[in-house]
Amino acid sequence: MSRRDQESGASGGSTDSVTWHALTADTVLDRLRSTRAGLSSEEAARRRAEVGPNRLPESRGRSPVKRLLSQFNNLLIVVLLVAATLSALMDHWVDAVVILGVVLVNAVIGFVQEGRAEEALNAIRGMLAPKASVKRDGKRVQIPAEDLVPGDIVLLEPGDRVPADVRVLQGRGLHTHEAVLTGESVAVEKSAEVVPEDAALGDRGSIAHSGTLVVSGQGEGVVVTTGPATEIGRISGMLAGVQELTTPLLQQMSVFARRLTAVIGVVVAAVFLYGWGLQGQPGAEMFMIVVGLAVATIPEGLPTILTVTLAIGVQRMAGRNAIIRRLPAVETLGALSIICSDKTGTLTRNEMMVASVATADDIFSVTGNGYDPHGDFRRDERPVDPDTEPALMELLRAGCLCNDAALQHREDIWSVNGDPMEGALLVAAMKAGLDPVTEGERLHRVDVIPFDSEHRFMATLHHDHAGGAPVFLKGAPERVLEMCTFQRRDGETVALDIAPWRARIQELAGRGQRVLAAATFHPADEPDRLHFSDVEGELELLGLFGLIDPPRDEAIAAVQDCRAAGIRVKMITGDHGTTAGAIARQLGLENPDDVVTGPDLDALDDAALRERAPAVDVFARTSPAHKLRLVEALQYRGDVVAMTGDGVNDAPALKRADVGVAMGRGGTEAARESAEMVLADDNFASIAAAVREGRTVYDNLKKAILFLLPVNGGEAISILLAVLAGLTLPITPLQILWVNMVSSVALAMALAFEPTEPDAMRRPPRRRDEPILSLLVVWRVAFVSALFALGIFGIFAWTRSQGADLEQARTYAVNTLVVMEIFYLFNVRYLAGRSLTLRGILGTRAVLIALAAVVVLQLMFTYAPFMSHFFDTRPVEFVHGVEILAIGIVLFAILELEKAVRRHWAPRAGEA
């Protein structure tokens, strides 16, 4: 039996190829050529040689050298390397070293992040059980889990992690926690009963899946699949095959870099040919001129600004409990148009809570949060004192005493030791003032019939101090109804009327609640043992409990924030459709009543799914493959998609999504390693805050680009006009490098710290293909570049006409350029709004620090003797200093007027 046989289903296939859950236990044993006594050691060794070890295959990642070299396979990085080379050719070694330093920093960041991404598969491998209890040679032995083979008989006990996909042969109260695979918060019952062939993953009650946890009961099963053929192995395979997408920002920067490089190449070549071929300028001289033109055009500081702005976004998000694992994801958050969210533990608390209590007379709603025993009972939205409702108190007492769970309170956190549903019953009783310890002492438990999948109820016998021996029972509502003859109505015991109770069961189920029924019986004598015959037929029905995993209050608010920002929230869960729909209505999702299930998705081909998925907000009973298909279908339409989740089942979709968001507290390591962002507080509300920061990051990047490009454009136009007109260059290439790498970078860096725009969460998300060079950006760059060139040439020509020598005139031109940068900085801080306000003039702390630094550096550039040696500068006279300052003020006034015109004629232009 080879591994291929397992995967194809020839003799031990996967749960998709061979529907083991739909075969009887004996048929499964026959197909696997095994017996209930287990395999012999020799047969197990032979099978292991055929199928291989029970572990997930390790992927072969790229070598560190290839990973490092791939970081330089980026056009913007190539442009920077060209800039460094040109600087070195001009003997500007300091500038060349600075540019190379920027390149290396970016390369190291990418190298480290890619290495972390490869840890996702290792995180899943760590979930497999290290040991397994099996029957070999007719004896119980413990072996390494990787030695398991199809046909092995495995013994399952509480606390065990299921070591392979196991077909249950027999079980007594066997429950496993499958949240890592299905997202369901409640432990799932496992038994030997055959289930339908088309059962969803969460409904395959006869299969205990590899990597899940046994929480109660005992069982025995036969291994049907191992390693990559298991359900968790299939997820690992999907994860390895998922293609990660590049972020919208990196896509746009790549297009921007290509276009910029093409423009620079064409302009530089044309200028060289014009000066050398038509004007007859010496080739060496023209070469140095075009080198200066290239240096003037390339925004050397842009990658540094990009990295710093993203890093600041990471820091801000960390303060909001959102940990970014991959730097570009910061900006991608600002472009999100859809959030696909897991339900359990993400939108909900992953804590069962009694939401409704029904007696024969009334239905009470229960308030509170999770396992915190604070809350009240309400009838028709009005508070009710439980002490005035004897039927309600008796029902709550039954749930409290017929119970094996215990509540724990540590550091203001309430948790349950035991079954979550039983814990919820304890919490409900405590909300009514019942103390489980006191009640247990008053009604001492004598005997118990534990819950079993065959009889579907639990019963306990108690002795009081007055000779009474009450019996309390709880279980599946239909089963309990069959066992009851009486009911409590208006304080009296009357004959049971089944029809109203069935209607109430349907009503609670329609609210998405899991229903339990409770009953009681008072034997005439005081027995010491409880038998099945004691609880058949004479029971008195006390009422029903409706339980639900409630939505987080903060998640409800966060969903509304996302909707206001034009972001659609979709719930993708492994839970039942009714429950998912009820939670969706409480959360306020846009379309909660249209629920699509896993079988519905299977019936849709990719084209049909792409049409259907955008309109649906609730997907239930989904598998990992469904989640991955949904993310891909939504991305096909151009949406920027985030996927939140905490289980192994979420890992492939997390990796495929534009932004994978994993839970830090309750999430698995596999989910965290597959995600770009981890929520340290497992709070969906932190996503809305992260989106706000992401939009701020993009706005600030856009401001930085709008700041840097006109500065470079003005410098380039100045050189270009000088060459075409046969005039002296107003600024030397070395002086341009000073401006680009010192004052421009320092001032642009201040824009990375700009606060969030007031309308950031009231505008729709930008399109994935929205170019950085939008019409507004192109117009602004051209217009401001022209103004910068005019200012540079104007001061240069004016001072020359007033008798200044070449070095003085160039010094005036450089200082004019820096002053214009300073005034332009205050203008560009608000893309559409007025900058001439008190807030705009005062600036932020970062702006003031940058301004002070640039002023000091520029004074040193102008007046320090040693700077004169490097840059051929001369001191600026006071009168010319006033003229330079006036040019900056005029520039600011013109640009503010231009903004006002745009606001008047095109109110939305500033948002383009």
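**Helix packing and sheets in a predicted model**

The count of aromatic pairs comes to eight, where rings of Phe, Tyr and Trp (its six-membered ring) pair if their centres lie within 6.5 Å, and planes under 30 degrees apart count as stacked, over 60 as edge-to-face and the rest as tilted. One of these pairs is formed by Trp 738 and Phe 861, whose ring centres are 5.2 Å apart with planes at 20 degrees, so the pair is stacked. Because Trp 738 lies in helix H28 and Phe 861 in helix H32 (residues 845-863), the pair ties together parts that are 123 residues apart in sequence.

The model is predicted: local features need pLDDT of at least 70 and side-chain atom pairs count only at pLDDT 80 or more, while totals for chains, interfaces and linings use all residues. Residues are numbered from 1 along each chain as its sequence is written, and side-chain values use heavy atoms, with hydrogens and water left out. Helices (H or I, at least four residues) and strands (E, at least two) are DSSP runs numbered from the N terminus.

Helix H28 (residues 733-751) also packs with helix H30: their axes come within 11 Å and cross at roughly 15 degrees. Axes here are lines fitted to C-alpha atoms, for helices over the stretch in contact, and angles run from 0 to 180 degrees between N-to-C directions. The angle makes H28 roughly parallel to H30, given that angles under 35 degrees count as roughly parallel, over 145 as roughly antiparallel, 65 to 115 as roughly perpendicular and the rest as oblique. Among the residues that meet are Val 739 and Leu 747 in H28, and Leu 817 and Leu 825 in H30; contact means heavy atoms within 4.5 Å.

H30 (residues 806-828) also meets helix H29 (residues 775-801), and their axes come within 8 Å and cross at roughly 150 degrees. That makes H29 roughly antiparallel to H30. The residues of this contact divide into 13 nonpolar, four polar and four charged, where Ala, Val, Leu, Ile, Met, Phe, Trp, Tyr, Cys and Pro count as nonpolar, Asp, Glu, Lys and Arg as charged, and the others, Gly among them, as polar.

H29 has a further partner in helix H34 (residues 878-905), with the axes 11 Å apart and an angle of about 160 degrees. H29 and H34 are therefore roughly antiparallel to each other. Their contact includes Trp 779 and Phe 783 of H29, and Ile 887 and Leu 891 of H34. By class, its residues divide into 13 nonpolar, three polar and five charged. Leu 787 of H29 takes part in the contact with H30 and in the contact with H34.

Attention now turns to the strands. Eight of them form an open sheet of mixed pairing, in the order S8-S28-S27-S26-S9-S23-S25-S24; two strands pair if DSSP finds at least two bridges between them. Strands S8 (322-324) and S24 (595-597) are the edges, each pairing on one side only. Within the sheet, S9 (residues 338-341) and S23 (residues 568-572) pair in the parallel sense over four bridges, and Cys 340 stands opposite Lys 570 in S23. Helix H21 (residues 577-587) packs on the sheet and touches S23, S24 and S25 (618-620). Helix H27 (residues 685-725) likewise packs on the sheet, touching strands that include S8, S9 and S28 (677-679).

Elsewhere, strand S7 (residues 213-225) runs antiparallel to S3 (residues 153-156), to which four bridges join it. S7 and S4 (residues 165-177) pair in the antiparallel sense over 10 bridges.
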